[in-house]
Amino acid sequence: MDEITVLGSTYRFLARGRDTGGAYSLAEETFFGDPPPLHVHDREEESFFVLAGEGRAVVGDRAHTLEPGAFVRVPAGAPHTLVRSGDQPLRMLTLLAPGGFEEFFHAVAAWPGGEEALEDDALAALAARYHCRFVEE
């Protein structure tokens, strides 16, 4: 198991794609930062099971309430983002299938000069290497 903090979340990886033959990755995510930009995973389906905290997930044109016990599935290709309510972090189990996108977070963590040195264009190019793209709202 490994743990990294990048882009406003701490990820404790319970299973990486390399551990599951590429089938999925699973992380306990503590999301404490700003909402990520609206984005699309072209190949992965992403699901969130909320353990603690409150917020909302925007998936396409629907908003889902996030509270303990909530489950939200994001189909591959669906634009989505997460927003916390209040100051408390959201703690979730985050599942991506197939696995492999978790390597994006490791690439951000390993960026020369740290995450702070990663400009928006470079972040978008890095995300594209992992089949993810940012979309205009």
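A cavity is a set of grid points, taken over the protein atoms alone, where a 1.4 Å probe fits but cannot get out. The legends below describe close-up views of a predicted model.

**View 1**
When the whole structure is searched, 1 cavity of 30 Å³ or more is found, and the largest cavity holds about 40 Å³ of space. Its lining is made up of Y11, F13, S25, L26, A27, T94, L96, E102 and F105, and the elements that contribute two or more residues to this lining are β2, β3, β10 and α1. Among these contributions, the largest share, 3 residues, comes from β3. Sorted by class, the lining of the largest cavity consists of 6 nonpolar, 2 polar and 1 charged residues.

**View 2. The largest pocket.**
The largest pocket contains about 440 Å³ of space and is lined by 26 residues, of which L7, Y11, P36, H39 and F105 lie nearest its centre. At least two residues of this lining are supplied by each of β2, β3 (25-31), β4 (39-41), β5 (45-52), β9 (80-84), β10 (90-97), α1 and β11 (132-134), while the largest share, 3 residues, comes from β9. The lining of the largest pocket divides by class into 15 nonpolar, 8 polar and 3 charged residues.

**View 3. The largest nonpolar core.**
In soluble globular proteins, nonpolar side chains tend to be buried together. The largest nonpolar core of this model has 17 residues, and the members that touch the most other members are Y11, F101, F104, F105, V108 and L126. Two or more residues of this core come from each of β1 (2-6), β2, α1 (102-109) and α2 (120-129), with α1 giving the most, 4 residues. Another core, of 13 residues, lies apart from the largest one, and its members include F31, A70, V72 and V74.

**View 4. Helix α1 and the elements that cover it.**
Because 6 of the 8 residues of α1 are buried, this helix is largely enclosed by the rest of the structure. The buried residues in α1 are E102, F104, F105, H106, A107 and V108, and what covers them includes β1, β2, β3 and α2.

**View 5. T10 in strand β2.**
T10 has its place in strand β2, which spans residues 9-15. With a relative accessible area of 17%, T10 falls under the 20% limit and is therefore buried. The side chain of T10 makes a polar contact with the side chain of T5, at 2.7 Å. When neighbours within four places in sequence are left aside, the residues in contact with T10 are E3, I4, T5, E28, E29, T30 and F32.

**View 6. A23 in the loop between β2 and β3.**
A23 is placed in the loop between β2 and β3, where its relative accessible area of 43% makes it partly exposed. Not counting residues up to four places away in sequence, A23 touches L96, A97, P98 and G99.

Conventions:
Residues are numbered from 1 along each chain as its sequence is written. This is a predicted model: local features need pLDDT of at least 70, side-chain atom pairs count only at pLDDT 80 or more; totals for chains, interfaces and linings use all residues. Side-chain values use heavy atoms; hydrogens and water are left out. Buried means under 20% relative accessible area, exposed over 50%, partly exposed in between (1.4 Å probe, protein chains only). A polar contact is a pair of N or O atoms within 3.5 Å; within protein, one must be able to donate a hydrogen and the other to accept it, and residues adjacent in sequence count only if both atoms are side-chain atoms. Contact means heavy atoms within 4.5 Å. A nonpolar core is a set of buried Ala, Val, Leu, Ile, Met, Phe, Trp, Tyr and Cys residues joined through side-chain atoms within 4.5 Å. On a 1 Å grid over the protein atoms alone, a cavity is a set of points where a 1.4 Å probe fits but cannot get out, and a pocket is an open set with protein on both sides within 12 Å along at least five of seven lines; lining residues have an atom within 4 Å of a point. Grid points are joined across faces, edges and corners, and a volume is the space filled by probe spheres set on the points. Ala, Val, Leu, Ile, Met, Phe, Trp, Tyr, Cys and Pro count as nonpolar, Asp, Glu, Lys and Arg as charged, and the others, Gly among them, as polar.
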